[in-house]
Amino acid sequence: MTAATLFGLCGAALVGFGLYGLVTNPEPLRKILAFNLLGSGVFLVFGVVSRRAAASGLGGDPVPQAMVITAIVVAFAATAMAIALVLRLLQETGRSTLSADNPGGTDTDRGNS
Amino acid sequence: MTILSVFDIGLVVLLLGIGASTIAAREAFAAVIGFVVYGLLLSIAWVRLSAVDVALTEAAIGGGMTGMLMLGAVARLRVAKGSDTRASLPARVAAGVLSAIVAAGLAIAILSPPEAIPTLAPMVMENLAQSGLGNPVAGVLFVYRALDTLLEKVVLILALLGVWSLAPDNVWGGIPGLRVYARPDSTLTFLAQLLPPVGIVVAIYMCWVGAKEPGGAFQGGTVLAAMWLLVMIAGLTSVPSISQTWLRVLVVVGPVIFLAIGLAGMVLANAFLAYPSGYAKPLIVAVEVALTLSIGVALGLLAAGPPERVQQQ
């Protein structure tokens, strides 16, 4: 097995971990984190595609590499936006949960805190 | 088995272990710390895949900036009331099966590569000399796929607008709610005095060398942002209010110059974002310098968050 295949399988497993965390973890912040893990797994698979296409004396195809750089930046922008939304939710409701019927707290403590 | 393949296997085991721990950890704080470590390890994996430009970006953004944002969020979310219930066991099993199927599908795709692997590397190298650049990734970013790069910077500005627009009406145009830890005798203050001169030189170097070697505007801009955030968090400089004109000019100057050169290309080189022959490299370096500044300011402000206080006159 080549190093590229090994990292590719690692990326595939990371996508699985990230997807599982995204679905099962109820906390919004943990969902964002899992989503980032999923994304990094996809990028890693893309990196393997680039590595396998090495030619012309380069270690990898520069086109997928440039696309991954753009992707990392866009993922960061989305993460920053998502975290700001979670913090705003906390500011408005004093809670940070996505569930409509909050089993842990009562609805009376809504409002600005 | 060579020493390198042992290294790769160890790296993959660490990546998977720490990646899984960020999902499984009970405490959000532990998960975020795991994520930062994971980001740094992942950048080593990128070096092993011969993608040093990506490794630099991953270390700066994936580990550093995202980690910092998440740590700030964890600190604030401590006061959150009410706890979420974990998904029920059948739901978790179903999610596990779904995730395993997706991962297996990807693994099959990885294990069965096509006979002839498509590559654009020869085409990139063929025309790279014309642009005067030595780094093929910079060539792709600023010549072949310049529109992607331009739009990526626009996405950053849009995200910043989105974050700002979450501010309540009464503090619009105010000061971002970055947590400041101003203790004159702390290690943080010492580091905030010691690191910025070095960091700024590193940022300028990364931006400059990006044309020839791995590096570039984004990596340089991230280092600049980190230095700015460091001095702001240590309380050595105040957090500026978002209504400052200089701040807004700095945020847009990079994309505006990029766009202006792109539009000039329509007249001088017969295509949008094309460079007149012979002037490609100086124009690209000019764009990179302006972008480094804009990215630094935009990232710093994204990390600082929406305005929370009104500016005191």
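Into which domains is chain B divided? In this predicted model, chain B splits into domain 1 (1-77), domain 2 (86-118) and domain 3 (119-313). Chain B also touches chain A, with 75 residues from chain A and 83 residues from chain B in the contact. Within chain B, helix 10 and helix 11 pack at an angle of about 150°.

**Chain B overall**
- Chain B has eleven helices and two strands.
- Read from the N terminus, the order of elements is α-α-α-α-α-α-α-β-α-α-α-α-β.
- The C-alpha atoms of chain B fill a box of roughly 65 × 60 × 35 Å along the principal axes.
- Of the 313 residues of chain B, 42% count as buried.
- Among contacts in chain B with a separation of 6 or more, 74% join residues 24 or more positions apart.

**Domain 1 against domain 3 in chain B**
- The C-alpha centres of domain 1 and domain 3 of chain B are 23 Å apart.
- Domain 1 of chain B gives eleven residues to their contact, and domain 3 of chain B gives twelve residues.
- On the domain 1 side, seven residues are nonpolar, three are polar and one is charged.

**Chain A against chain B**
- The contact draws on 75 residues of chain A and 83 residues of chain B.
- In chain A, helix 1 (3-24), helix 2 (28-52) and helix 3 (62-93) each supply at least two residues of the side that touches chain B.
- Helix 3 of chain A provides the largest share of that side, 22 residues.
- By class, the chain A side holds 45 nonpolar, 22 polar and eight charged residues.

**Helix 10 against helix 11 in chain B**
- Two packed helices are described by the angle between their axes and the distance between the axes.
- Helix 10 covers residues 245-268 of chain B, and helix 11 covers residues 280-304 of chain B.
- Their axes lie 8 Å apart, at an angle of about 150°.
- Angles over 145 degrees count as roughly antiparallel, so helix 10 and helix 11 of chain B are roughly antiparallel to each other.
- The crossing of helix 10 and helix 11 of chain B is left-handed.
- From helix 10 of chain B, the contact residues include B:L247, B:L250, B:V251, B:G254, B:I257, B:F258 and B:I261.
- From helix 11 of chain B, they include B:L283, B:A286, B:V287, B:A290, B:S294, B:V297 and B:A298.
- This helix 10 to helix 11 contact in chain B has 18 nonpolar, two polar and no charged residues.

Note on methods:
Residues numbered from 1 in each chain as written. Chains lettered and ligands numbered in written order. Predicted model: local features only at pLDDT ≥ 70, side-chain atom pairs only at ≥ 80, totals over all residues. Domains from an automatic or database assignment. Contact = placed C-beta atoms within 7 Å. Nonpolar A, V, L, I, M, F, W, Y, C, P; charged D, E, K, R; others polar. Helix = DSSP H or I, 4+ residues; strand = E, 2+ residues; numbered from the N terminus. Buried ≥ 20, exposed ≤ 12 C-beta atoms within 10 Å, placed from the backbone. Axes fitted to C-alpha atoms, helices over the stretch in contact; angles between N-to-C directions. Parallel < 35°, antiparallel > 145°, perpendicular 65-115°, else oblique. Left-handed = near helix turned anticlockwise from the far one by under 90°.
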